Amino acid sequence: MNLTDKINKDNLPKHLAIIMDGNGRWAKQKGLMRAFGHENGTKSVRITVETCAKLGIENLTLYAFSTENWNRPKLEVDTLMRLLISSLKKELDTLQKNNIRLNCIGNITMLPDSAKKELLAVMEKTKNNTRMTLTLALSYGSREELLNAVKTICDKVKNNIISIDALDESIINQHLYTHNLPDVDLVIRTSGEHRISNFLLWQIAYAEFYFTDVLWPDFKEDDLYEAIISYQKRERRFGKTSEQIK
Ligand code: IPE
Ligand code: IPE
Ligand code: MG
C-alpha cells in the first residue's frame, strides 16, 4: 500500500506551513559548502509544492528567509537571494501549469531590487490561479509583523477610524501579512530542531506540530505524506472535551 492511499482527502490541513531547515548541515555532512545545501533545498521546495497541489492542500506557506537570517554572512545572504531569483524564474511555468498563485509575507522592501522585481512579477502573473496559494515567507519575522499591526491599529484608533471597543481578534488578523489566509493547521519543521524561530506566532495558536529529523534537502513526497498521516491521526479539541468533538 502506498502512503498516499493512507491519506484522507477530506481531512487535509487547509493551511500547511513548513520551516524548511537543515540545508547547511546537509551540505556539511557531505563535505560541501552551505550553498550546495540551499541549492538542493530548492528541489525539495518544488517536490513539496507539486505534491501539496496534487493532494488538494489549498494553502502552503514556506519559511524561506527570516528577519534574523539577515545576520548571516553576506556571502550566504547573497547566495540565498540569487537562488530566490533563479527559482522564481525557473518555477513560473510549474506554478502556471499547476494553477498555483504565488503570495508572499514579510518585509520585502528589505530584499534586493532584482529579487523584489522578480517576486512581484511572478505574483502578478499567477494572481488569478485558484488551485493553491503558495506563500513564501521572505524577510519574515512574526514579532515585526505583530509590531507593525499594533502600530497601524494604534494610528487608526488615534484618528478615530477604529474605536477601542470595536477591537477584536479579526481586526488583528486583518492587519497581519496573512490577512487573506486561514489559520495554520499544521506546522512541519525539518532537521530535528524543535522551535518556532519567530514564525507565524499568532497564526499557529491552534496548529498541530510535526517535527522530523530529516534535513530539508532530503525531504521528499513520502516525508510529506508521513506528516499528513500523523496530523490526521490527531484529535483537535480546541479546548473542548473529546466527547464533545465526537
Ligand atoms: C534552512 O537551512 C534555510 C534557511 C534558514 C535560509 P539552514 O541554512 O538554516 O541550515 P542549518 O540549520 O544551518 O543546517
Ligand atoms: C528558520 O531557520 C528560518 C527559516 C527556515 C527560513 P533558522 O535556521 O534560521 O532558525 P534558527 O536560527 O536555527 O532558530
Ligand atoms: Mg537552520
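In which loop is S191 found? S191 is found in the loop between β5 (186–189) and β6 (208–211), where helices (H or I, at least four residues) and strands (E, at least two) are DSSP runs, numbered from the N terminus. The model is predicted, and local features need pLDDT of at least 70, side-chain atom pairs count only at pLDDT 80 or more, and totals for chains, interfaces and linings use all residues. Residues are numbered from 1 along each chain as its sequence is written, chains are lettered from A and ligands numbered from 1 in the order in which they are written, and side-chain values use heavy atoms, with hydrogens and water left out.

S191 has a positive phi of about 80°, although it is not a glycine. The residue is buried, with a relative accessible area of 7%; buried means under 20% relative accessible area, exposed over 50%, and partly exposed in between (1.4 Å probe, protein chains only). L200 also lies in the loop between β5 and β6. Its phi is positive, about 50°, and L200 is not a glycine. L200 is buried, with a relative accessible area of 0%.

Strand β6 contains E208, which counts as buried at 17% relative accessibility. Leaving aside residues up to four places away in sequence, E208 touches D185, L186, V187, Y231, R234 and R236, contact being heavy atoms within 4.5 Å. N59 is placed in strand β2 and counts as buried at 9% relative accessibility. With the exclusion of residues up to four places away in sequence, N59 touches K14, H15, L16, M132, T133, L181 and P182. The C-alpha atoms of N59 and S163 are separated by 32 Å, and the two residues are 104 apart along the chain.

Helix α5 (residues 142–158) has 17 residues and reaches 24 Å from its first C-alpha to its last, close to the 24 Å expected at 1.5 Å a residue. The expected span is 1.5 Å times one less than the number of residues. The buried residues of α5 are S142, E145, A149 and I153. Seen down the axis of α5, these residues fall within an arc of 60°, so they line one face of the helix; the arc is that of the directions from the helix axis to the C-beta atoms. An α-helix has 3.6 residues a turn, so residues three or four places apart point the same way. The buried residues of α5 pack against β4 and α6 (169–174). On the face turned away from the buried side, α5 carries the exposed residues R143, K151 and K158. Just after α5, N160 takes a positive phi of about 60°.

The largest pocket holds about 940 Å³ of space. On a 1 Å grid over the protein atoms alone, a pocket is an open set of points where a 1.4 Å probe fits, with protein on both sides within 12 Å along at least five of seven lines, and lining residues have an atom within 4 Å of a point. Grid points are joined across faces, edges and corners, and a volume is the space filled by probe spheres set on the points. The largest pocket is lined by 43 residues, of which M20, N23, Y63, A64 and F65 are the closest to its centre. At least two lining residues come from each of α1 (23–29), α2 (34–55), β2 (59–66), α3 (74–97) and β4 (132–140). Helix α3 gives the most, with 10 residues.
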